[in-house]
Amino acid sequence: MIGRGSVGFLLAILMIGTSAMAEATAESPAGAEIKLKILMHTFRAEMERLRPFLVSEEKFQNPKARPLIEKSLAALQDRTQGSAPQTIEANPGFRLNFAMMSYHFKKTKQAFDLGAYELARQNLNATGTFCIGCHSQMPEAKGKTRVIWGDEGGTGPVTMDTAEYLFVMRYFDLALKAYDDLARGFPKNKMSSDQFPLLYRRKLALLARVKRSPDLALQNLRGDLENKKLPAAVVHEVKAWIESFEAWKKESSPLESLETSKLLVYVKDNMPKSGVQTPVDSDVVRYLRFSGLLYERLLKDTGALSNQETLYRLAQIEKTLSQKYWYSLHQSYWRECVISFPKSDVTKLCFDAYAKDIEDQFAGRAHVPAEIQSTVEALKRYL
Ligand code: HEC
């Protein structure tokens, strides 16, 4: 969805990202948390309202559905314009993702208003990516109970759609169970084997980023291997992931408790070797883990100088992972690193990494579109 060529898109994000930055307002922590909850429940409610229409072109284009869809779209666009609740504004990762989502809703509403219904429907179906972009970066909040609404558990057989819905809405335990059931019930449940890459991308995010428990991961993945009907390629990957969770379990001092400066050194020493283009399966767990840890530091260490290097590393890791697993914010992280922390050595590192990435993306400087090149030029002022 966020393809490599979405030029205007990237530019717009840069603009939204920087203007939103200036608008953070002071607010009490409790007030901010309530504002965040209200916003999230609006998202949930509107997505819920739209859900029945998203399943087919026919349902979506039914003239009777139009006023309803229009209203939800207007609400979603409206709620993502301007500055976000403070929890989001204070964190570069959240802020960027929020800016992308804001742009996404704006474009979707435009498409719908112009009568490009199928485009609008497909866009809306991709909304979960943005929700997940924030939700799956965070470790699960301990001790917080979640109210289960309506039919979340679902009745009838589990499908990939129900599992995805639970995942997007942050019903992580239910989602994990749903993905487990799907993997373990294959092929009797008629799930297509094409779904395995997505299914395992979710499971790894849950196990390595959200749950962060090697014990649970080992038990969980071994459970999948009991299904002797899993495709051979899947078995091969699952075994590689098991190995990396085993290595994680053996770590003497958990990375979670390291000071940020020490964590950054550790990550630096364990970065993908240069020249390795695609991470091997066993590395994926490690990078998912690093990126989760770094993201969490951005959340905790609001305003800290170390955030610049955190952004730099986060971008590197996301870039590596994006080839296999994620849509990626890595270019945004590098830009943020330059704009928010001008004139240091790391600024230069971020700028160089960004400029090189752009050149690689367009196969050489000569092919970089003028708008993008002007972004690169504009960033030079911060060096
Ligand atoms: C910019 C980051 C971000 C984006 C984008 C985002 N969320 Fe959230 N979401 C959060 C945070 C932070 C929480 C709070 C987690 C907590 O309190 O532990 C949350 C919590 C939630 C909750 C749980 C609320 C509760 O009562 O605990 C729901 C439901 C939710 N989000 C729905 C959505 C949906 C649907 C979307 C996409 C349309 C979405 N969110 C997009 C950051 C985000």
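Guide: What follows takes some labels used for this predicted model and sets each beside the value it rests on.

Visitor: How do you know that the length of helix 13 agrees with its number of residues?

Guide: Helix 13 covers residues 232-250, which is 19 residues, and at 1.5 Å a residue these should span 27 Å; because the end C-alpha atoms are 28 Å apart, the two values agree. The buried residues of helix 13 are Glu237, Val238, Trp241, Ile242, Ser244, Phe245 and Trp248.

Visitor: Why are helix 12 and helix 13 called roughly antiparallel?

Guide: Helix 12, residues 214-225, packs against helix 13 at an angle of about 160°, with the axes 9 Å apart. Angles over 145 degrees count as roughly antiparallel, and therefore helix 12 and helix 13 are given that description. Their crossing is left-handed. On the helix 12 side the contact is made by Pro214, Asp215, Ala217, Leu218, Leu221, Arg222, Asp224 and Leu225, and on the helix 13 side by Val235, Val238, Trp241, Ile242, Phe245, Glu246, Trp248 and Lys249. By class, the residues of this contact divide into 11 nonpolar, no polar and five charged.

Visitor: What makes Ile317 count as buried or exposed?

Guide: A residue is buried if 20 or more other C-beta atoms lie within 10 Å of its own; Ile317 has 26 such neighbours, and therefore counts as buried. Ile317 lies in helix 16, residues 307-322, and, leaving aside its neighbours within four places in sequence, is in contact with Tyr287, Phe290 and Ser291. Ile317 and Met271 are 46 residues apart in sequence, with a C-alpha to C-alpha distance of 7.7 Å.

Visitor: Why is Lys343 called exposed?

Guide: The cut-off for exposed is 12 or fewer C-beta neighbours, and because Lys343 has 9 inside 10 Å, Lys343 counts as exposed. Lys343 is found in the loop between helix 17 (330-340) and helix 18 (345-361), and its phi, near 60°, is a positive value in a residue other than glycine.

Visitor: How do you know that Ala363 is exposed?

Guide: Ala363 has 9 other C-beta atoms within 10 Å and is therefore exposed. Ala363 sits in the loop between helix 18 and helix 19 (370-380), with a positive phi near 55°.

Visitor: What makes the peptide bond from Phe186 to Pro187 worth a label?

Guide: Most peptide bonds are trans. The bond from Phe186 to Pro187 is cis, with omega near 0°, and Pro187 has its place in the loop between helix 10 (172-184) and helix 11 (196-211).

Notes
Residues numbered from 1 in each chain as written. Predicted model: local features only at pLDDT ≥ 70, side-chain atom pairs only at ≥ 80, totals over all residues. Helix = DSSP H or I, 4+ residues; strand = E, 2+ residues; numbered from the N terminus. Expected span 1.5 Å × (residues − 1). Contact = placed C-beta atoms within 7 Å. Axes fitted to C-alpha atoms, helices over the stretch in contact; angles between N-to-C directions. Parallel < 35°, antiparallel > 145°, perpendicular 65-115°, else oblique. Left-handed = near helix turned anticlockwise from the far one by under 90°. Nonpolar A, V, L, I, M, F, W, Y, C, P; charged D, E, K, R; others polar.
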